[in-house]
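Here is a short note for a colleague opening these coordinates for the first time. Please read it with the structure on screen.

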There are 2 protein chains.
Amino acid sequence: MSDLERNEKELSFGRRLARLGAAWRRQVDRDLHEYGLTEATWRPVLYLGLLPPPVRQTDLVRALEIEAPSVARLLDVLERRDLVFRSPDSEDKRSKLVSLTEKGERTARQVRHAVEAVSNRLLQGISTPELQACYSVFERIEANLCQRASAPAGEQA
Amino acid sequence: MSDLERNEKELSFGRRLARLGAAWRRQVDRDLHEYGLTEATWRPVLYLGLLPPPVRQTDLVRALEIEAPSVARLLDVLERRDLVFRSPDSEDKRSKLVSLTEKGERTARQVRHAVEAVSNRLLQGISTPELQACYSVFERIEANLCQRASAPAGEQA
DNA sequence: CGCAAATGGTTTGCATGCTTAATAACTGTA
DNA sequence: TACAGTTATTAAGCATGCAAACCATTTGCG
């Protein structure tokens, strides 16, 4: 039955996802390296350019989907590089508002260009229906992720 | 035109890939945590159970698609845990052969089960043609990855 | 009001990836 | 044989993610 036949592909699907995702990111990184942005530092800058202000660190945590300590450290680096600055939030003394400096604004535009260029290049020749088919599968997988493993599911379904 | 309409989705495709890949891996990690395997340490064990011996470290580097220093460090950990051992290669005094201990063999089977269970669960309800549509897109993206960025491609095509 | 719980941020320590550089051994060519 | 280049492994240091523990502040409830 299909299960055995599909096993090889199934086994590699998660692997494939991770590999492609990493390769994709590496492309962006490569393009942004010349702007002095290393690894993940461009993501906070990108999102700071997209989110409606005021942006608290927690907003970045949610947008970047990384944990608060990681965001804090990235912002330390970016602040030292004069790309962002933190200011107190008059509404809530616990929180800090994060903004792009002028240099940061410029960088954010470059990041956006680079990200779009990579996306255009990598998705070249792929039709919208094909993309949507992928999204459909992704959504189903995400749905399956939420069902706690308590239901071992299609063990031989 | 399609470009603007697709922009939102295109922008997020790489993001989506990375996120799904990470989530997938986290599922496996969670299931293997109870076996004392943390993070990425289960992958060398899995592949050692799959590759035809003898397995040199270089073979693992190629299979795991991570760099040689990373493999070396992981093997240090696994060796300390008595899951693998290194022995000299009589064919080539530079290289070392890596093997699973008996405990490692047992662990490899558990890892394989966990990986398959997660795969079955996450791909539940997704048909083979849908999977193949995804693979087709992945392959096209991989092909586009290889074309060096020299051709900026669909900048406004 | 006053205290417990939740929330925002930081610090610390660990896991895992990479790159660069060193060392040892092999290979090919003159 | 000898020497240059390649290959296998390791070592050292950096980047980035996480979780746990901590402080300050805010919120909610008696």
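1. Ground rules. This is a predicted model, in which local features need pLDDT of at least 70 and side-chain atom pairs count only at pLDDT 80 or more, while totals for chains, interfaces and linings use all residues. Residues are numbered from 1 along each chain as its sequence is written, chains are lettered from A and ligands numbered from 1 in the order written, and side-chain values use heavy atoms, without hydrogens and water.

2. Cis peptide bonds. Most peptide bonds are trans. The bond from A:Pro53 to A:Pro54 is cis, with omega near 0°. B:Pro53 and B:Pro54 are also joined by a cis bond, with omega about 0°. A:Pro54 sits in the loop between helix H2 (42–50) and strand S1 (55–56) of chain A. B:Pro54 is in the loop between helix H2 (42–50) and strand S1 (55–56) of chain B. Helices (H or I, at least four residues) and strands (E, at least two) are DSSP runs, numbered from the N terminus.

3. Positive phi. Most residues other than glycine have a negative phi. A:Glu65 has a positive phi of about 55°. Its loop runs between helix H3 (57–64) and helix H4 (68–80) of chain A. A:Asp82 has a phi near 65°, and lies in the loop between H4 and strand S2 (84–88) of chain A.

4. Surface near DNA strand D. Near means a heavy atom within 4 Å. H4 of chain A gives the largest share, 4 residues. By class, the surface has 7 nonpolar, 6 polar and 10 charged residues. Ala, Val, Leu, Ile, Met, Phe, Trp, Tyr, Cys and Pro count as nonpolar, Asp, Glu, Lys and Arg as charged, and the others, Gly among them, as polar.

5. Contacts with DNA strand D. Of its atoms within 4 Å of the protein, 68% belong to sugar or phosphate and the rest to bases. A side-chain N or O atom of A:Arg73 is 2.5 Å from a base nitrogen. A polar side-chain atom of A:Ser70 lies 3.1 Å from a phosphate oxygen. For A:Lys93, a backbone N or O atom lies 3.0 Å from a phosphate oxygen.

Methods
Polar contact = N/O pair within 3.5 Å; in protein donor to acceptor, adjacent residues only side chain to side chain.
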